[in-house]
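Biologist: I have a structure to go through with you. Can we take the contacts between chains and the salt bridges in turn?

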Amino acid sequence: MTRLNDQNVALAREIIARYPKKKSALIPLVHLSQEQNGYVTEEAMRHIAELVEVTPAEVYGTASFYEMFRFEPTGKYLINMCGTMSCALMGAADLMHHAEHKLGIKAGSTTPDGLFTLQHAECQAACTEAPTLQVNYRHRYRVTPDEFDQLVDDLSSGKLEGEIPPHGTLGRNRQSIPADKAVGAVPPDEVDGAPGWVTITEADA
Amino acid sequence: MSAQGTYDWAPGFYDDGDRPQIVTSRFGYEDSHTLDRYLATGGYEGLRKALDAKPEDVHTDVRNSTLLGRGGAGFPAGVKWGFTPQGVWPRYLVVNGDESEPGTYKDRLLMELDPHQLIEGCLIACYAAGLSRCFLYIRGEMALAHERVAQALDDAYDNGYVGKNILGTDFSVDIVLHWGAGAYVVGEETALIESLEGERGMPRLKPPYFPAAVGLYGKPTIVNNVETLANLPFIAKNGSAAYTAIGTETSPGTRMIAVSGHVKRPGVYEIVNGSTTFRDLIYGDHFAQGIRDGNDLKAFVPGGGSAPWFLPDQLDIPFEGKQAGQAGSMLGSGAVMVMDSTTDIPAAALTLVKFYAHESCGKCVPCREGGTWLYRILERIVAGDGTDADLETILQVGESICPGEMPHASSERLGIESHPFPYKMTTICFVGPSAYVPVHSAMTLFPEEFTSRVTKREVRTMIPVTAAPVGGGA
């Protein structure tokens, strides 16, 4: 049930074909499964292992290295509060304290209704607009306690549904390479010789 | 409060002050990310010019521009391209869009606001260096950058700028947008390649030192930073002479710098490279405008969280690698973090030590164990539970990561001379040393904030363990 659905299998095959070696598609496919299920399930990892032709252990081995992959049910909205230096200098600790009170949970946990997961996060590349947070990896800048409350209220009421898709969805659009325009991925060992535009002198050297 | 900056759609970016703009020239347009705007403002003209020339001539011109890599190490891009072994194919381009160095905020803006400029830069690099496939690795936590770059790539494919027979020539390259998944260490180029191969993002053992020789799938691979590539359309279109006319001989062109922390106007600025000083940046009217609330400057981090700290003594140093290095630090990824007189120095250092300890990939013992110990010890010092022995332990742990003298700034107040960058290291990559750098800087430049924070170990009270009074009782 939590294997990739047919539509996502088709998408997965398209993504795999972009890489000279199948395993390179592993991380994008784990994202795809997280988008489908909200978190990364064992069944999905087994399925991805079949698709990229590695063992399930290899999929878990790679996936467990990365911060964004979650292996247990996660709130529809994952709120990441930056606490690295620039945000810390601008009051991140107080904002986190406020967030815990507003949501009624400690950082690292999920609200009982399954709507919000709150967690500590590291630098979000928005250091001039501190303190920052991300909801499902979408930035909010110079956040005040009042604005945090408003954000939670807007998310709860569904007001931000168009702007912020549920946890797991990386982008509202994704790259699609038209078949007639694609150069195509060739396994590295099957490439013989320089690409066409490289002049003969260099290719021969 | 919402984001600030000159434009609503460019959070934190300022372009007042009449500075030359090479990579941010379109940020003033609300539709800067679209193909229409790109084409209306000279977009893809650099590529057209490049395709009219021989690849090796384009490469030579980039080498002549002395464009320095913007990811942190500052290595000349044209020289790096030349490290690919002759006659070994295929060669790949991997774009490092994994921006996550504390304090650094520039590549995300370049991806969100001008994705076509980056795409054009990738194409020029591929053409010049004979790279036949490009992987654009974007940090997973940047949802908007993914959306904007994906859209731009779709439009570029549809209009013949990417893919088979680009602009009707025999130049054919795919650009594949790749999703990262959250790991700071992946910014190290061999870790980035591991991650792109579907592995845990751990840096590779060296040698081989350069992925240009042995990289993705064991093939020659150029790894370039987003900002580095974003400079190429300008160079290809206007020539290297126009590029070197800006900035200084050793540091030509411009750089994007984020100034954050306790300043009146934190922001991202495209600055003239090599000559702009830290004083300009922190106090200039068209930059950060001085310290907030009329406070004094206490210290600043000049080049991202990995860089040794500077004091007000170093304000007149320009953005030039050699001078910053002599003064005991580095320019890194173009990130200045400013601390005013109210800053709790050990606590500020703790935020960075925690970051690097958290981001250790676990491959090298000195980083995995040492970083974690530095974090734990510093945390208890900040909490008021540290002892004088802890201060010695920090130095011992640091010595095991970075043997020998550490780079540091000079201080007139303390009467100490600077020690130049870089340090020695026992780890494969810079994450390990980076956990020690902030606490070393803080302890060297503000020793009194540590000594006043700890108690003497020998005066600690002993913990009674007997249940009943010794020698009798009821």
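Modeller: First a term: buried means under 20% relative accessible area, exposed over 50%, and partly exposed in between (1.4 Å probe, protein chains only). This is a predicted model; local features need pLDDT of at least 70, side-chain atom pairs count only at pLDDT 80 or more, and totals for chains, interfaces and linings use all residues. Residues are numbered from 1 along each chain as its sequence is written.

Biologist: Is B:Arg368 buried, partly exposed or exposed?

Modeller: B:Arg368 pairs with B:Glu369 in a salt bridge (a side-chain nitrogen of Lys or Arg within 4 Å of a carboxyl oxygen of Asp or Glu). The closest N and O atoms are 3.3 Å apart. Relative accessibility is 34% for B:Arg368, so this residue counts as partly exposed.

Biologist: Which class does B:Glu188 fall in, buried or exposed?

Modeller: The side chains of B:Glu188 and B:Lys206 meet in a salt bridge, 2.7 Å from N to O. B:Lys206 has a relative accessible area of 25% and is partly exposed. B:Glu188 has 18%, so B:Glu188 is buried.

Biologist: How many residues of chain A are in contact with chain B?

Modeller: Contact means heavy atoms within 4.5 Å. On the chain B side, 94 residues take part. They touch chain A at 72 residues.

Key: Chains are lettered from A and ligands numbered from 1 in the order in which they are written. Side-chain values use heavy atoms; hydrogens and water are left out.
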